[in-house]
Amino acid sequence: MLIRRRWEALTEVAIELLIRLCGISAILFVFGIFFFVFREGSGFLFHGFKFLEFFGSTEWYPTSQSHVRYGVLALIAGTASVTALAMLIAVPFGIGAAIFISEFCGSRLKETLKITIEMLAAIPSVVWGFIGLTLMNPLIMKLFGAPIGLNVLNGGLILALMSLPIIVSVGEDALKAVPDSYREAALALGVTRWQLVYRVLLPAAKNGLLAAVLLGVGRAVGETMAVLMATGHAVKIPASLLDSVRTLTATIAAELGEAPVHSEHYQVLFIIGILLFMITFVVNLTAYLFVRGIRGK
Amino acid sequence: MVTSAPPIVEVAELHVRYGRCAALKGITLDVRRNEILGIIGPAQSGKTTLLKTINRTIDDVPGAVVTGTVKVEGKDVRQVEDVFALRRKIGMVAPLPVGLPLSIFDNVAFAPRMAGVRNRRELAERVERCLRQAALWDEVKDRLDSLGTKLSGGQQQRLTIARALSHDPEILCLDEFSIAIDPVTTMRIEDVLKELRTRITIILVTNLIQQARRLAGRTAFLLNGELVELGRTEVIFSDNPANRKTYEYVNGIFG
């Protein structure tokens, strides 16, 4: 009897420990990843890393024999241009769709739309890249007469479609979080549906909507496979939408396999990883602070 | 009390169903111009639904089916072309004060602005007048720019009354306005209503039976979606109203 009771107490403790471990594992993983990425890049980061060249130069010649340059300005410009175009398309469509789903459509259409949009989120990124490569590429060449269809426009459109689901679903949640009493009060004052959306709901949900946009940005900045396949892989600052570019993420994906382990090139790729980590961290943190802003009210 | 002027609101054989659940089962009543009509009844008796049919916000309730007629100033509300103009004719105050997430000034100026009033002086005058009518002006005149939602519950409720008056309604509907505020503030608002009743028609749905007794000229008693009795308040609250149930409810025997 005594043994059995002790056994029960022991399993209780063990289970509690296990659950606790599950809870904090996410933090451990994130710090672990950051630690290893940092460690791989740190050797070069503290010895011989030229800060100015890294951020100020567009010359990316990591494997050159005589003229090694590690300038990521063009890569940053690539990521920024593709992300900016994606947001330019995805934000109005995404917020518009969120407004429509939350305020204007019937319950059956609402369910259908939500399921469809969530399916959009489930498409693997390599499939998106494939669409960019085989479908959009010839289409863009034909429509715009561009020499090649793998460019900012192509990558931006693909990324827009990829970040749309998160903008729509988080945006819709933000609108849903506006108390119905606001809607009733405003409608009873004789405002039209559009006035209600524009004057009451959007201001009331603005933090949540901003968080939706920032999460979309984070998605777009971090995306790798699709942009690797769709943007044409040319290291340069784009002058137009029809120029090919290369993003930070695509550079890591394309070159890491060929860089000798612990070489300078290898370490610089990890430094790019740190840079990406910091960008997405700042974006996500901002989004989080905005979301907390809504709850706090 | 018998007036020859036509009633401002006429409700005839009004049925409202939410899906399978009947909320109103054939209500017929009228509201006279510039009276306070009290509506009493226990929860779920259809009081709020009745108000919603008058300004047609029932349209936004999913699954609500309305039959019968509601006329405002002789016109069937369901044949009104401009529902927004109809709603501006009616001020509505909800049970829990709903300050829109705007400044005090903007809360009151909201409806006039939406109706197209742009002139700043006109807006300022109107805001002041409405806040004065709602007995709130002296408390907030120095901080019109602060958020309406930061006011106390009683102040917010007066803010919603000011807002309900901001589009010069002819009918003011109050739906259990005192449910979330203290007795002192309730009395202040009741004084405001006594002020207003000379100029405006008031429909006062109330959970406080004595409030109807204090304010209303006539009182209607709703029970389970049916109109049990509508009569002069003195009669409703007397020892022998027309219906036994009225007596029992008013005297707290059930409800």
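Two residues are taken to be in contact if their C-beta atoms, placed from the backbone, lie within 7 Å. On that basis, Ala162(B) touches Val108(B), Cys130(B), Leu131(B), Gln133(B), Ala134(B) and Leu136(B), residues up to four places away in sequence being left out of the count. The model is a predicted one.

**Nonpolar cores**

- The largest nonpolar core has 132 residues, and Ala162(B) is one of those that touch the most other members.
- The others in that group are Leu159(A) and Ile167(A) from chain A, together with Cys173(B), Ile203(B) and Leu204(B) from chain B.
- Helix 6 of chain A (residues 152-176) supplies the largest share of this core, 14 residues.

**Contact between chains A and B**

- Chain A brings 16 residues to the contact, and chain B brings 20 residues.
- On the side of chain A that touches chain B, the elements giving two or more residues are helix 7 (180-188) and helix 8 (193-204) of chain A.
- Helix 7 of chain A gives the most to this side, with seven residues.
- By residue class, the side of chain A that touches chain B consists of 10 nonpolar residues, five polar and one charged.

**Six-stranded sheet of chain B**

- Six strands of chain B make an open sheet with mixed pairing, in the order 6-7-8-3-9-10.
- Strand 6 (90-93) and strand 10 (226-232) of chain B each have a single partner strand, so these edge strands are left with one side lacking a neighbour in the sheet.
- Ignoring direction, neighbouring strands of this sheet are turned against each other by 15 degrees on average.
- The pairing of strand 6 of chain B with strand 7 of chain B (residues 171-175) is parallel and runs over four bridges.
- Within this pair, Gly91(B) has Leu172(B) in strand 7 of chain B as its bridge partner.

**Four-stranded sheet of chain B**

- An open sheet with antiparallel pairing is formed by four strands of chain B in the order 2-1-4-5.
- Its edges are strand 2 (21-31) and strand 5 (75-76) of chain B; each has a single partner strand, so one side of each has no neighbour in the sheet.
- Strand 1 of chain B (residues 9-18) pairs in the antiparallel sense with strand 4 of chain B (residues 64-72) over eight bridges, and His15(B) has Thr67(B) in strand 4 as its bridge partner.
- Strand 1 of chain B is also joined to strand 2 of chain B by eight bridges, again antiparallel, with Ile27(B) in strand 2 as the bridge partner of Leu14(B).
- Strands 1 and 2 of chain B form a hairpin with two residues between them, and Gly19(B) in the turn has a positive phi of about 60 degrees.

**Helix 1 of chain A**

- Helix 1 of chain A (residues 2-46) has a kink of about 40 degrees, centred on Ile24(A).
- Of the 45 residues of helix 1 of chain A, one is buried, so this helix lies largely in the open.
- Gly48(A), which follows helix 1 of chain A, has a positive phi near 95 degrees.

**Segment after helix 10 of chain B**

- Gly252(B) lies in the segment after helix 10 (244-250) of chain B.
- With 8 other C-beta atoms within 10 Å, Gly252(B) is exposed, because a residue with 12 or fewer counts as such.
- Gly252(B) and Ile209(B) are 43 residues apart along the chain, and their C-alpha atoms are separated by 9.5 Å.

Conventions. Residues numbered from 1 in each chain as written. Chains lettered and ligands numbered in written order. Predicted model: local features only at pLDDT ≥ 70, side-chain atom pairs only at ≥ 80, totals over all residues. Pairing = 2+ DSSP bridges. Axes fitted to C-alpha atoms, helices over the stretch in contact; angles between N-to-C directions. Nonpolar A, V, L, I, M, F, W, Y, C, P; charged D, E, K, R; others polar. Bend = angle between axes of the 7 residues up to and from the residue. Buried ≥ 20, exposed ≤ 12 C-beta atoms within 10 Å, placed from the backbone. Core = buried A, V, L, I, M, F, W, Y, C linked by C-beta atoms within 7 Å.
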